[in-house]
Amino acid sequence: MMVKVILADSMDLVLAGLQAILHQETNVEVTGTFKSLAGLVNALVGQHPDVILLDDRLEPNIDVLTLVERVQGIAPRAPIIVMSNILNGVIVQELFACGVTGYLFKGDVLSDCLYRAIQTVLDDRPYLSPT
């Protein structure tokens, strides 16, 4: 089964790196990359991704919980993995409480954690970065 993944991060370099990593996986297809919440929301209206990778700082003036709520409002069935440079247990707990399925520390992305995170949330299990 081909897994359809949408990437949302404000930085081109991060998007390119995530795409390059996921391109190595034969059963993963990146169906869209977005640098803004508006672009992501507009695209989600017509797409049905299997997983959404969402940067916690996608929009500088919108907190991550609000970002998640807006994305869930358009794509309620798609698991969301929040990616962050910050390790904050309180925020992580709040994210899982509001329905986020995974939390990935960006420092772990270069390991096999990215693919493992995707597979874990597709198995309806929560994923928490090992770092």
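This is a predicted model: local features need pLDDT of at least 70, side-chain atom pairs count only at pLDDT 80 or more; totals for chains, interfaces and linings use all residues.
Helix axes are lines fitted to C-alpha atoms over the stretch in contact, and the angle between two of them runs from 0 to 180 degrees between N-to-C directions.

Helix H3 spans residues 64-74, and its buried residues include Val 64, Leu 67, Val 68 and Val 71. These residues lie on the same side of H3, because the arc they cover around the axis is only 95°. On the face of H3 turned away from the buried side, Glu 69 and Gly 73 are exposed.

Several elements contribute to the cover over the buried residues of H3, including helix H2 (37-44), strand S3 (51-55), strand S4 (80-84) and helix H4 (89-97). At the start of H3, the backbone nitrogen of Leu 65 has a side-chain oxygen of Asp 63 within 3.1 Å.

| Helix pair | Angle between axes | Distance between axes |
|---|---|---|
| H2 and H3 | about 20° | 9 Å |
| H3 and H4 | about 15° | 10 Å |

Angles under 35 degrees count as roughly parallel. H2 and H3, at an angle of about 20°, are therefore roughly parallel to each other. The crossing in which H2 passes H3 is right-handed. On the H2 side, the contact is made by Leu 37, Leu 40, Val 41 and Leu 44, and on the H3 side by Leu 67, Arg 70, Val 71 and Ile 74. Of these H3 residues, Leu 67 and Val 71 are among those that are buried.

For H3 and H4, the angle is about 15°, and these helices are therefore roughly parallel to each other. H3 passes H4 in a right-handed crossing. Here Val 64, Leu 65 and Val 68 of H3 meet Ile 91, Glu 94 and Leu 95 of H4. Val 64 and Val 68 are buried residues of H3, while Leu 65 is the residue whose backbone nitrogen is approached by Asp 63.

**Thr 120 in helix H5**

Helix H5 comprises residues 113-122 and contains Thr 120. A residue counts as buried when its relative accessible area is under 20%; Thr 120, with a value of 8%, is therefore buried. Apart from neighbours within four places in sequence, Thr 120 is in contact with Arg 125, Pro 126 and Tyr 127.

Key
Residues are numbered from 1 along each chain as its sequence is written. Side-chain values use heavy atoms; hydrogens and water are left out. Buried means under 20% relative accessible area, exposed over 50%, partly exposed in between (1.4 Å probe, protein chains only). Helices (H or I, at least four residues) and strands (E, at least two) are DSSP runs, numbered from the N terminus. The arc is that of the directions from the helix axis to the C-beta atoms. Contact means heavy atoms within 4.5 Å. A polar contact is a pair of N or O atoms within 3.5 Å; within protein, one must be able to donate a hydrogen and the other to accept it, and residues adjacent in sequence count only if both atoms are side-chain atoms. Angles under 35 degrees count as roughly parallel, over 145 as roughly antiparallel, 65 to 115 as roughly perpendicular and the rest as oblique. A crossing is left-handed if the near helix is turned anticlockwise from the far one by less than a right angle, and right-handed if clockwise.
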